[in-house]
Protein chains: 2
Amino acid sequence: MNTETLFAHRTRLMSANAIREILKVVSKPGMISLAGGIPSPDSFPMEIMQELTGKVLHKYGSSAFQYDRTEGFEPLNEALSIYLQKKAIQADSKEVIVTSGSQGGLMALGMVLISRGDRVAVESPTYLGALTALNPFEPEYVQIETDGDGILPESLEAILKAGPVKFVYLNPTFQNPTGRTLTLERRQAVAGILKRTGSLLVEDDPYGDLRYRGTALPPVKTLAPDNVVYVGSLSKVFAPGLRIGYAVAPEPIRRWMVLAKQGIDLHTSTFNQALASEYLFGGYLDKHLPEIIRLYKPKQEAMLVSLSKHFPREYRWSRPEGGMFIWVEGPKGMDMETVYAKAVEKGVAFVPGKFFFTRDGDGNETMRLNYTMSDVPTLDRAVRILGGVIKNFNEGAQS
Amino acid sequence: MNTETLFAHRTRLMSANAIREILKVVSKPGMISLAGGIPSPDSFPMEIMQELTGKVLHKYGSSAFQYDRTEGFEPLNEALSIYLQKKAIQADSKEVIVTSGSQGGLMALGMVLISRGDRVAVESPTYLGALTALNPFEPEYVQIETDGDGILPESLEAILKAGPVKFVYLNPTFQNPTGRTLTLERRQAVAGILKRTGSLLVEDDPYGDLRYRGTALPPVKTLAPDNVVYVGSLSKVFAPGLRIGYAVAPEPIRRWMVLAKQGIDLHTSTFNQALASEYLFGGYLDKHLPEIIRLYKPKQEAMLVSLSKHFPREYRWSRPEGGMFIWVEGPKGMDMETVYAKAVEKGVAFVPGKFFFTRDGDGNETMRLNYTMSDVPTLDRAVRILGGVIKNFNEGAQS
């Protein structure tokens with residue numbers, strides 16, 4: 001076969017997700033990985049899994065293994081509707097669509113919304129997995145200016161006024177990769193801009209429940225319900241391997257997402273949806289979430305302390321109130337890809353921040369550090385090693 | 001929001017899967033459905049599900065609930081490699097990609113292969129779910145001429161010679177919707193044409209294991225391995241609700257499918273893949289498959305007898321050696337959509353065959369009947385009622 005002409009135009013944009021490639025490298029034994037975006041297996045409620053599977057088999061029998069509705073296993077849609085009320089999101093179970101991870105929701109949205117060349121506005125930096133889902137539909141990305149408190153509303157407004165934007169994509173709470181959270185004031189400003197300009201926001205919120213300090217903020221969805229598709233996931237509060245995500249979208253977007261999902265995977269695993277509905281309805285999440293927080297909070301605090309101890313003074317980093325990541329910014333001129341290569345030699349991996357920008361040349365001096373996968377002493381050791389590599393790099397550059 | 005300009009161009013092609021819509025109508029209590037393509041829940045190995053989940057929890061623990069490789073849970077890739085050898089398909093575990101149902105495999109293929117306007121050659125009639133997966137990428141379909149033994153190789157050759165075709169899509173064994181099987185001679189002819197013309201075939205084979213009579217035929221994949229992407233599923237031999245499909249594709253198509261799948265759903269449920277690998281490695285399928293066949297064979301035979309008893313003489317239907325469907329062709333001029341409406345009033349549903357053709361106006365006189373979901377007396381009653389509706393329709397037309 002002539003493979004030159006075999007592939008679709010869009011494949012030129014479908015490069016490997018850099019992080020997934022990095023994760024392959026770092027799965028070597030002995031490597032300390034600050035690279036993943038992966039929950040600790042200690043956070044999974046393993047002690048109830050046998051009980052949950054037993055409950056599902058008893059309650060639903062063979063129907064948990066049968067083909068099911070594309071929009072979701074009805075008990076899970078209901079459980080999610082109730083769960084979302086705690087975030088002040090008012091969504092009838094019919095307004096909730098279950099997706100195969102939040103990835104499946106982003107894919108469906110890209111499919112129904114983006115024609116080639118359509119502009120999509122994203123944070124700088126932004127979540128890489130969203131780009132992987134949207135790239136096949138050949139959008140053009142516009143970067144919204146961002147500081148430690150999330151996007152600048154005036155930058156968003158300027159972009160929306162400059163020309164048509166299909167949608168805005170934000171991860172406003174404990175953002176991947178920065179850990180940053182959009183302030184309440186800015187959420188209100190963003191909601192106002194969306195309404196005034198008649199624009200659509202895709203609000204991705206996989207980390208919102210992982211709050212270690214401070215007060216929960218309302219999702220932007222609650223401030224401009226008709227202008228926001230809210231995308232979430234049980235991957236960080238139940239188990240990522242079950243691939244259960246969900247979305248709440250205004251009509252007719254929800255209906256089109258269901259049609260897209262018919263083609264994407266027909267429906268999400270019935271059995272896993274039944275497990276998730278038992279998990280939510282059984283009140284297990286309410287008991288389990290404080291345990292996850294007790295697990296992660298000291299890890300995050302330890303990493304913040306280690307950064308203060310081991311990183312040069314001119315470095316800055318985020319101090320998120322939750323989530324899974326700390327974002328480190330070195331001085332301009334640093335090349336974190338080189339640092340990455342040297343750090344891996346010394347047994348520590350992280351993700352160079354440049355991969356989270358849509359514009360080439362941005363973010364060379366940044367890094368994303370994850371703290372969920374290692375214990376406190378290991379985190380301190382890893383940060384010390386990274387600090388050493390960075391100091392050597394600087395001395396090398398000066399000599 | 002202005003929903004006129006909100007959606008992508010491609011959505012005009014993404015109409016609802018007609019069958020999924022019909023299935024919603026027929027889920028009413030008391031309705032006898034010959035409409036589904038759904039395995040009987042009696043075919044699921046429910047008696048071993050608790051045992052399988054216990055095994056997975058014991059053997060893999062939390063790693064069965066963690067993020068995993070996009071290409072598949074390694075033990076399942078290995079189990080599938082061995083399973084495929086029984087079909088004479090030689091594929092190393094690295095050559096197998098696990099997908100979220102065969103739907104997920106077709107979606108990934110559409111994504112990496114089809115640019116807008118590319119031609120894709122399909123059977124007439126063809127499997128509707130494949131069109132649902134491919135439509136978002138805006139192909140143009142070309143219908144290959146078909147008779148009771150599957151496609152006519154000379155029609156395929158003429159199409160491939162007439163102009164570029166991205167790929168050919170066939171369901172050569174117990175086809176959905178007709179139940180037809182491509183003969184060995186034609187398989188060899190098709191393989192020869194693919195090789196001579198350097199063309200790509202997507203061979204969809206979800207029903208191949210459900211053989212009630214006759215001798216197994218080699219997949220086209222075994223006759224032209226470099227020219228065929230083989231797509232399969234455990235939905236008909238384990239449990240559809242677990243959403244486990246797979247594909248064997250020549251490089252570099254396999255690699256691009258993995259990249260597409262990173263965007264589509266990151267990976268298929270780890271837990272469900274672990275269940276499937278235990279099912280295959282534990283030898284359960286070998287024990288279970290004869291039971292499924294014992295369940296379906298008498299149903300199919302009963303439906304064939306009922307058709308002879310209750311349908312007018314001028315009607316013809318397929319007599320498949322396996323699978324889940326019988327295809328009925330009435331005389332030209334019959335309108336099976338009207339028959340459908342009247343049959344539903346009398347409590348029997350089926351799928352009008354026109355939905356399986358890519359060209360408007362084709363197949364108005366055809367119907368797809370499924371026999372897996374009802375018992376023998378119910379099947380006879382349903383066919384009798386359908387026969388009555390058809391006879392009334394004919395008398396109405398003559399008066």
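**Helix 4 and helix 9, chain B.** I began with this pair and found that the axes of helix 4 of chain B and helix 9 of chain B come within 9 Å and cross at roughly 110°, the axes being lines fitted to C-alpha atoms, for helices over the stretch in contact, with angles running from 0 to 180 degrees between N-to-C directions. That makes helix 4 of chain B roughly perpendicular to helix 9 of chain B, since I count angles under 35 degrees as roughly parallel, over 145 as roughly antiparallel, 65 to 115 as roughly perpendicular and the rest as oblique. Helices (H or I, at least four residues) and strands (E, at least two) are DSSP runs, numbered from the N terminus.

I noted that this is a predicted model, in which local features need pLDDT of at least 70 and side-chain atom pairs count only at pLDDT 80 or more, while totals for chains, interfaces and linings use all residues. Residues are numbered from 1 along each chain as its sequence is written, and chains are lettered from A and ligands numbered from 1 in the order in which they are written.

From helix 4 of chain B I listed B:Gly104, B:Met107, B:Ala108, B:Leu109, B:Met111 and B:Val112, which meet B:Trp256, B:Met257, B:Ala260, B:Lys261 and B:Ile264 of helix 9 of chain B; two residues are in contact if their C-beta atoms, placed from the backbone, lie within 7 Å. The contact of helix 4 of chain B with helix 9 of chain B divides into nine nonpolar residues, one polar and one charged, where Ala, Val, Leu, Ile, Met, Phe, Trp, Tyr, Cys and Pro count as nonpolar, Asp, Glu, Lys and Arg as charged, and the others, Gly among them, as polar.

**The seven-stranded sheet.** I then followed helix 9 of chain B onto strand 2, strand 9 (228–233) and strand 10 (244–248) of chain B, across which the helix lies, running at about 30° to strand 2 of chain B. These strands belong to an open sheet of chain B with seven strands in the order 2-10-9-8-7-3-4 and mixed pairing; two strands pair if DSSP finds at least two bridges between them. Its edge strands are strand 2 (96–100) and strand 4 (140–144) of chain B, each pairing on one side only, and the twist averages 25° from one strand to the next. Within the sheet I looked up strand 7 (residues 167–170) and strand 8 (residues 201–204) of chain B, which run parallel and are joined by three bridges, and I saw that B:Val168 stands opposite B:Leu201 in strand 8 of chain B.

**The four-stranded sheet.** I traced another open sheet in chain B, of four strands in the order 11-12-15-14 with antiparallel pairing, and noted strand 11 (316–317) and strand 14 (351–352) of chain B as its edge strands. Strand 11 of chain B is joined to strand 12 (residues 325–329) of chain B by two bridges, and B:Trp317 has B:Val328 in strand 12 of chain B as its bridge partner.

**Two further helix pairs.** I found that helix 2 and helix 10 of chain B pack at an angle of about 110°, with their axes 9 Å apart, and are therefore roughly perpendicular to each other. Here B:Leu52, B:Thr53, B:Lys55, B:Val56 and B:Tyr60 of helix 2 of chain B meet B:Phe271, B:Ala274, B:Leu275, B:Glu278 and B:Tyr279 of helix 10 of chain B.

**The interface.** I recorded that 66 residues of chain B are in contact with 66 residues of chain A. Helix 4 of chain B gives the most to the side of chain B that touches chain A, with seven residues, and by class this side has 34 nonpolar, 28 polar and four charged residues. Chain B can be laid on chain A with an RMSD of 0.0 Å by a turn of 180° and a shift of 0.0 Å along the axis, which is the relation of a two-fold axis; the copies are superposed by least squares on the C-alpha atoms of residues with pLDDT of at least 70 in both.

**Backbone points.** I looked up a cis peptide bond that joins A:Glu251 and A:Pro252, with omega about 0°, and placed A:Pro252 in the loop between strand 10 (244–248) and helix 9 (253–264) of chain A. Another cis peptide bond joins A:Asn176 and A:Pro177, with omega about 20°.
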